[in-house]
Amino acid sequence: MVEYEFGGPVGALGIIFGLPLVVYFLFFGCQENCALTPECATSVLNGLKDVGGLLSARSVELTVYWISLCVLLERVLPYEAALGAPLKQKNGLRLKYRLSAHLQFWVTAAILAFGAVELAPESLSVRRFGPLPLAELYDEYLGLLTASLLVSFGLSLYLYVSALLKPSEELAEGGQTNNVVYDFFIGRELNPRIGDFDLKEFCELRPGMGGERLGADMGAAAA
């Protein structure tokens with residue numbers, strides 16, 4: 001008998017589509033002139049109806065820059081090599097991981113705080129280093145939210161489809177229920193990688209938990 005988590009397929013479906021709606025609701029419902037009241041339901045619905053306003057070319061550009069920076073730093077920064085837990089599906093094999101997320105956090109903070117270079121017009125020498133225009137992150141918050149959701153759905157779809165071609169020893173035990181919705185949500189492949197680039201570790205520690213929070217907080221402070 002299959003043992004489901006997160007409420008099974010129904011719970012998985014609710015999280016996949018319900019969580020983005022909750023985030024949009026908080027954005028449109030928690031405005032300066034709109035609290036979480038029934039009267040604000042119209043404001044939220046109107047905001048969601050304006051599909052064109054949910055995304056901008058600049059927010060897509062910033063999202064691409066951000067993920068590219070995270071990938072670059074993951075590849076070039078000094079790292080501590082660590083071994084993962086033994087995988088019983090692979091006779092105790094332990095995968096290698098590159099641990100540098102803490103250093104990447106501070107390097108990213110330095111880039112955001114001092115990444116704008118002002119040159120002297122007469123000599124093209126560096127006059128000063130200053131902060132990037134972080135208030136733009138606040139102004140583009142809705143577009144960045146939508147772009148992040150599209151990246152998440154796109155990457156999840158890629159991982160699900162690619163896992164269909166993987167042998168059984170590459171799959172997670174909980175991701176082989178043959179229920180498309182649940183397997184898509186929980187993840188079929190145990191350790192999805194491109195070469196030695198671990199997608200699961202990267203998404204959790206780099207563009208997500210560490211840097212994106214840093215950028216959002218500094219952007220709000222700058223605004």
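**Before selecting anything**

The model is predicted, so local features are taken at pLDDT of at least 70 and side-chain atom pairs at pLDDT 80 or more, while totals for chains, interfaces and linings use all residues. Residue numbers start from 1 along each chain as its sequence is written, and side-chain values use heavy atoms, with hydrogens and water left out.

**The whole protein**

Show everything as a cartoon. The protein has 9 helices and 6 strands. Helices (H or I, at least four residues) and strands (E, at least two) are DSSP runs, numbered from the N terminus. Of the 223 residues, 30% count as buried. Buried means under 20% relative accessible area, exposed means over 50%, and partly exposed lies in between, with a 1.4 Å probe and protein chains only. A contact is a pair with heavy atoms within 4.5 Å. Among the contacts with a separation of 6 or more, 57% join residues 24 or more positions apart.

**Helix α3 against α6**

Select residues 57-76, which form α3, and residues 141-163, which form α6. Two packed helices are described by the angle between their axes and the distance between the axes. Here the axes come within 8 Å and cross at roughly 55 degrees. That makes α3 oblique to α6. Axes are lines fitted to C-alpha atoms, for helices over the stretch in contact, and angles run from 0 to 180 degrees between N-to-C directions. Angles under 35 degrees count as roughly parallel, over 145 as roughly antiparallel, 65 to 115 as roughly perpendicular, and the rest as oblique.

The crossing of α3 and α6 is right-handed. A crossing is right-handed if the near helix is turned clockwise from the far one by less than a right angle, and left-handed if anticlockwise.

Now show side chains. On α3, pick Ser 59, Leu 62, Thr 63 and Ile 67; they meet Gly 143, Leu 144, Ala 147 and Val 151 of α6. By class, this contact has 5 nonpolar, 3 polar and no charged residues. Ala, Val, Leu, Ile, Met, Phe, Trp, Tyr, Cys and Pro count as nonpolar, Asp, Glu, Lys and Arg as charged, and the others, Gly among them, as polar.

**Helix α3 against α4**

From α3, Trp 66, Leu 69, Cys 70, Leu 73 and Glu 74 meet Gln 104, Val 107, Thr 108 and Ile 111 of α4. These residues divide into 6 nonpolar, 2 polar and 1 charged.

**Salt bridges**

Side chains of opposite charge can pair when their charged atoms come close. A salt bridge is a side-chain nitrogen of Lys or Arg within 4 Å of a carboxyl oxygen of Asp or Glu. How many salt bridges does a search of the whole structure find? It finds 9. Three of them can be selected in turn.

- Arg 188 and Asp 183: the closest N and O atoms are 3.8 Å apart. Arg 188 is buried at 13% relative accessibility, and Asp 183 is buried at 2%.
- Arg 193 and Asp 198: the N to O distance is 2.9 Å. Arg 193 is partly exposed at 21%, whereas Asp 198 is buried at 5%.
- Glu 201 and Arg 206: the closest N and O atoms are 3.5 Å apart. Glu 201 is buried at 11%, and Arg 206 is buried at 1%.

Next select Glu 74, Arg 75, Arg 98 and Asp 196, which salt bridges with shared partners join into one network.

Select Phe 6, in the segment before α1 (8-29). Phe 6 has a positive phi of about 60 degrees although it is not a glycine, and it is partly exposed, at 49%.

Then go to Asn 178, in the loop between α6 and α7 (180-186). Asn 178 is not a glycine either, and has a positive phi of about 70 degrees. Is Asn 178 buried or exposed? At 72% relative accessibility, Asn 178 counts as exposed.

**Last stop: Asp 139**

Select Asp 139 in helix α5, residues 135-139. Asp 139 is exposed, at 62% relative accessibility.
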